[in-house]
Amino acid sequence: MGDRDEELVQQWEREQECLKQRLVEEDTEAWQKNPNFSGLQRVGGVDLSFIKGDEVNACAQLVVLSYPDMELLYECSEMVTLSAPYIAGFLAFREAPPLLQLLQRLEREQPSLIPQVLFVDGNGLFHYREFGLACHLGVLSDLPCVGVAKNLLQVQGVAKTDEHLSQISALKKAGDTFPLTAASGRTLGQALRSSDGSTKPIYVSVGHRISLDTAVRLTHSCCRHRVPEPIRQADMRSREYLRTHFPPASSE
């Protein structure tokens, strides 16, 4: 890491610490406390997809789905240029700005469709400094946010050990979970078997303005497949946008 990157990391660490002061790790909405999430009508999902072999140009995607039917209410795809470098543990400084812009555009153009909760393809509290992309985006947008990762971030003493693999094997049915416990003893997230059809869990953590138990219950209720529908739809639609606008070169 060069001097410039080291300076950037120090600056980003300071910014992370400031934003972290505003983080809320508990339920703040009436619908969150309801067993059936009565009152929840709109769930959002965000994702970024990259052109193959290109680390700078990406399609930023926002979808808003109805709850509980998961029907599309709104979608927006936008090509963005990511100016910040990728540095492990600081993904949010690279990816949050374009995703935040999509939320701000929705707020300007169709404020009645602003999601009541946002699913983020990435981690929240389950992070090196307990402030991943879902926390960053949650605090800046002030929306309840849930982080859902498809792969295990090996961090704070949580690793893909034999014990972890045996815990995965013990997830027998959809809805089964086990905690992701840091070396400090703090629970940073939950591994969730989200569907009967997939034995691979997803990793759920608090982003902002939601408790872990509520985040896990809500995530499971939004799963028709392994990945919760708001994130799955955002991912599919951003990839489709890239395929349509940037078709792969033919291999003649």
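Strands here are DSSP E runs of at least two residues, helices are H or I runs of at least four, and both are numbered from the N terminus. Two strands pair if DSSP finds at least two bridges between them. Pick L192; its bridge partner in strand 8 is I202.

This is a predicted model: local features need pLDDT of at least 70, side-chain atom pairs count only at pLDDT 80 or more, and totals for chains, interfaces and linings use all residues. Residues are numbered from 1 along each chain as its sequence is written, and side-chain values use heavy atoms, with hydrogens and water left out.

Next, select Q61 in strand 2. Is Q61 buried or exposed? Q61 has 0% relative accessibility, so it counts as buried (under 20% relative accessible area; exposed is over 50%, partly exposed in between; 1.4 Å probe, protein chains only).

Show its side-chain polar contacts (N or O pairs within 3.5 Å, one able to donate a hydrogen and the other to accept it; residues adjacent in sequence count only if both atoms are side-chain atoms). The Q61 side chain meets that of S77 at 2.6 Å and that of E75 at 3.5 Å.
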